[in-house]
Amino acid sequence: MDSVNVSIVITTYRENDHIKRLLSEISNLKESNVSYEIIFLDASDFKKDEAKKLLKDKSKFLTFISIPGLSRPKSLNKIFDLASGELIVRLDARSSIYDDYVDKIYKVYKNTSADVVGGPMKPISATNSQKVIANLMSHPLCFGGSKSRDFKYTGYVDSIYLGAFSNSFLRKNKLYFDSIHPEISEDSDLNYRINKCGGKIYQDSNIFVNYYPRENLKDFFKLCFNYGISRGLFVIKHRIFMSIRQLIPPIFFILSIILFIAGFDLSVLHKILFYLVLIYVTLIFIFSYKLGNITKIADYMIGFLGAHFFWTIGLLVSSKRYYTNLKNYE
């Protein structure tokens, strides 16, 4: 078998509509001198024949694997282990790429000394409700604000969304996704360990990845809860502090609870709590007004409040999840 420049790897679970779109996008990749293979692992009920049909003439590069119920880290480890390409390009069912994505990311990899390359994540939308969530995810008051969401930043970073990995670097350092803690933020966790091994991670703003977020606030809040758990697992595992931006929501909610309870004995604390909440509500009102028209202010305010609340709850329960995972693994 001829050597492969790029291994395009995808794992998905119950995202059939999105994976159909992504496979169609892959089928439209430009013809180039970059040789590649496609490794697709589905952990639900997607069919190989459907994947081949969507990939069209690109189906000759496909290796399809179906293992229902396999966890995300184990799925990722399996397809990374099967990858034979010099560069492993990871895609997600909800990611969306242009027809020159593989060419661009491979060129950046060859032109830098980085072991991981990629672009910022750009939340996009297909519906009005999804647009609200995309704007929330991009905002610094929610999940925006990091370099991996900065469309203007090009340079070395600590972590990157999805990305493309040097196959030889991963194998040399025996780096895998964490199957002990399947809920952990796998991007942050693997990239952190890559950095610890001396690897370099490079972001190029010219090769950003589009991302379709959840379709409604209910599913978005579930995601925020899971994000809280994943971030908490990362902090406990690596014993490093989060950025100040990430600490603000849990500090606010915990401080509010303390002021509320203590205020029954010292009424001035209830007054402090009132002004604290007033400032918070005013801020999210201002940001919500700037994000959309008057009819969307309530949606944005509920979105900000729910994102902060459920992220905090997830963060607080992450310690129990961490030790439960260790116990179950043993």
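# Helices, pockets and cavities: a chat

Reader: Where is histidine 238?
Author: Histidine 238 sits in helix α8, residues 217–238. One note before we go on: this is a predicted model.

Reader: Is histidine 238 buried or exposed?
Author: Histidine 238 is buried, because its relative accessibility is 14% and the cut-off for buried is under 20%.

Reader: What does histidine 238 touch?
Author: Histidine 238 touches Asp189, Tyr192 and Arg193. That leaves out residues up to four places away in sequence.

Reader: Which of the residues in α7 are buried?
Author: The buried ones in α7 are Glu186, Asp187, Ser188, Asp189, Leu190, Asn191, Arg193 and Ile194. Helix α7 covers residues 186–196, and eight of its eleven residues are buried. That makes α7 mostly covered.

Reader: What follows α7?
Author: Glycine 198 follows α7. Its phi is positive, near 90°.

Reader: What about phi in residues other than glycine?
Author: Most residues other than glycine have a negative phi. Leucine 162 has a positive one, near 55°. Arginine 239 also has a positive phi, near 55°.

Reader: Where is leucine 162?
Author: Leucine 162 lies in the loop between β8 (155–156) and β9 (164–166).

Reader: And is leucine 162 buried or exposed?
Author: Leucine 162 is buried, with a relative accessible area of 1%.

Reader: Where is arginine 239, then?
Author: Arginine 239 is in the loop between α8 and α9. Arginine 239 counts as exposed, because its relative accessibility is 66% and exposed means over 50%.

Reader: On to α9. At what angle do the axes of α9 and α11 cross?
Author: The axes of helix α9 (residues 244–262) and helix α11 (residues 297–329) cross at roughly 85°. They come within 9 Å. The angle is in the 65 to 115 degree range, so α9 is roughly perpendicular to α11.

Reader: Which residues meet there?
Author: From α9 there are Gln246, Pro249, Pro250, Phe253 and Ile254. They meet Leu305, His308, Phe309, Trp311, Thr312, Leu315 and Leu316 in α11.

Reader: New topic. How much space lies in the second largest pocket?
Author: About 260 Å³.

Reader: What lines the second largest pocket?
Author: The lining has 13 residues. Those nearest the centre are Leu141, Ile248, Tyr280, Leu283 and His308. The elements giving two or more residues to this lining are α9 and α10 (268–291).

Reader: Which helix gives the most to that pocket lining?
Author: Helix α10 gives the most, with five residues. By class, the lining of the second largest pocket has eleven nonpolar residues, one polar and one charged.

Reader: Where is histidine 270?
Author: Histidine 270 is in helix α10. Histidine 270 counts as partly exposed, because its relative accessibility is 26%.

Reader: What is histidine 270 in contact with?
Author: Leu259, Phe260, Gly263 and Phe264, leaving aside neighbours within four places in sequence. The C-alpha atoms of histidine 270 and phenylalanine 260 are separated by 6.0 Å. Those two residues are ten apart along the chain.

Reader: How many cavities of 30 Å³ or more does the structure hold?
Author: Two. The largest cavity has about 100 Å³ of space. The second largest cavity has about 40 Å³.

Reader: What lines the largest cavity?
Author: Asn77, Phe80, Asp81, Ile88, Asn167, Leu170, Arg171, Lys174, Leu175 and Tyr176. The elements giving two or more residues to that lining are α3 (72–82) and α6 (167–172). By class, the lining has five nonpolar residues, two polar and three charged.

Reader: And what lines the second largest cavity?
Author: Leu29, Lys30, Ser32, Val34, Tyr36, Asp99, Asp100, Tyr101, Val102 and Asp103. Helix α4 (residues 101–111) gives the most to this lining, with three residues.

Reader: How many charged residues are in that lining?
Author: The lining of the second largest cavity has four charged residues, next to five nonpolar and one polar.

Definitions and conventions:
Residues numbered from 1 in each chain as written. Predicted model: local features only at pLDDT ≥ 70, side-chain atom pairs only at ≥ 80, totals over all residues. Heavy atoms only, no water. Axes fitted to C-alpha atoms, helices over the stretch in contact; angles between N-to-C directions. Helix = DSSP H or I, 4+ residues; strand = E, 2+ residues; numbered from the N terminus. Parallel < 35°, antiparallel > 145°, perpendicular 65-115°, else oblique. Contact = heavy atoms within 4.5 Å. 1 Å grid on protein atoms, 1.4 Å probe; cavity = no way out; pocket = protein on both sides within 12 Å on 5 of 7 lines; lining within 4 Å. Points joined across faces, edges and corners; volume = space filled by probe spheres on them. Nonpolar A, V, L, I, M, F, W, Y, C, P; charged D, E, K, R; others polar. Buried < 20%, exposed > 50% of the residue type's maximum accessible area, 1.4 Å probe, protein only.
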